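Subject: Handover of a structure, with findings

Dear colleague,

Please find below the structure that I am passing on to you. My findings are set out after it.

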Amino acid sequence: MRAIRGATTVAENTVEAMQEAVTEILDELEKRNQLHPTDIISVTFTVTNDLNATFPAAIARKRPYWDVVPMLDVQQMQVDGSLEQCIRFLVHVHLPASAPIHHIYLRHAASLRPDWSLPILEGVGSRE
């Protein structure tokens, strides 16, 4: 079992903005880690307290093969000065120990872990 972390941000607290950001980051998760949803054990999403338009898991559940993945949405602990309008995930997956892991930090969330942030792949989404 392996764990993959990731985060992204949204420009506004709307279903559309959250759907775009969650779709973008999950596309990147699958592509960069050569991951198929059937390899996923579970996903925990967190959102900052300024995001409540929808559940990230509800967005993910609409993706092919994600409807059977156990998912949980929780609110991120509020810390003064922390990044706002942020969606994070922790994904547990079945991957060989030798497989490289690519943590996905997009948009303004790239500042959270610059050591893990990679430039966005060509043809996939855009940064804020």
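Predicted model: local features only at pLDDT ≥ 70, side-chain atom pairs only at ≥ 80, totals over all residues.

Helix 1

Helix 1 consists of 18 residues, and the distance from its first C-alpha to its last is 25 Å, close to the 26 Å expected at 1.5 Å a residue. Its buried residues are Ala17, Met18, Ala21, Val22, Glu24, Ile25, Leu26, Glu28, Leu29, Glu30 and Arg32. An α-helix has 3.6 residues a turn, so residues three or four places apart point the same way. The elements against which the buried residues of helix 1 pack are strand 1, strand 2, helix 2, strand 4 and strand 5 (104–105).

In soluble globular proteins, nonpolar side chains tend to be buried together. Here, the largest nonpolar core has 30 residues, and the members that touch the most others are Leu26, Leu29, Val43, Phe45 and Phe89. At least two residues of this core come from each of helix 1 (15–32), strand 2 (40–47), helix 2 (56–60) and strand 4 (86–93). With seven residues, helix 1 is the element that gives the most.

Which residues does Leu29 contact, once its neighbours within four places in sequence are left aside? They are Ile4, Leu35, Trp66, Phe89, Val91 and Ile104. Of these partners, Phe89 is itself listed with Leu29 among the core members that touch the most others.

Two buried threonines

Thr46 belongs to strand 2. Is Thr46 buried or exposed? Its relative accessibility is 14%, and because buried means under 20%, Thr46 counts as buried. The side chain of Thr46 makes a polar contact of 2.8 Å with the side chain of Gln76. As for Ala57, it is 11 residues from Thr46 in sequence, with a C-alpha to C-alpha distance of 9.8 Å.

Thr9 lies in strand 1 (residues 2–9). With a relative accessible area of 1%, Thr9 is buried as well. A polar atom of the Thr9 side chain is 3.3 Å from the backbone nitrogen of His108.

Two glutamines with positive phi

Gln34 follows helix 1 and has a positive phi, near 45 degrees. This residue is placed in the loop between helix 1 and strand 2. Its relative accessibility is 72%, and therefore Gln34 counts as exposed, the cut-off being over 50%.

Gln85 likewise has a positive phi in a residue other than glycine, near 50 degrees. Its place is in the loop between strand 3 (71–75) and strand 4. Gln85 counts as partly exposed because its relative accessibility is 22%.

Yours sincerely

Notes:
Residues numbered from 1 in each chain as written. Heavy atoms only, no water. Core = buried A, V, L, I, M, F, W, Y, C linked by side-chain atoms within 4.5 Å. Buried < 20%, exposed > 50% of the residue type's maximum accessible area, 1.4 Å probe, protein only. Helix = DSSP H or I, 4+ residues; strand = E, 2+ residues; numbered from the N terminus. Contact = heavy atoms within 4.5 Å. Polar contact = N/O pair within 3.5 Å; in protein donor to acceptor, adjacent residues only side chain to side chain. Expected span 1.5 Å × (residues − 1).
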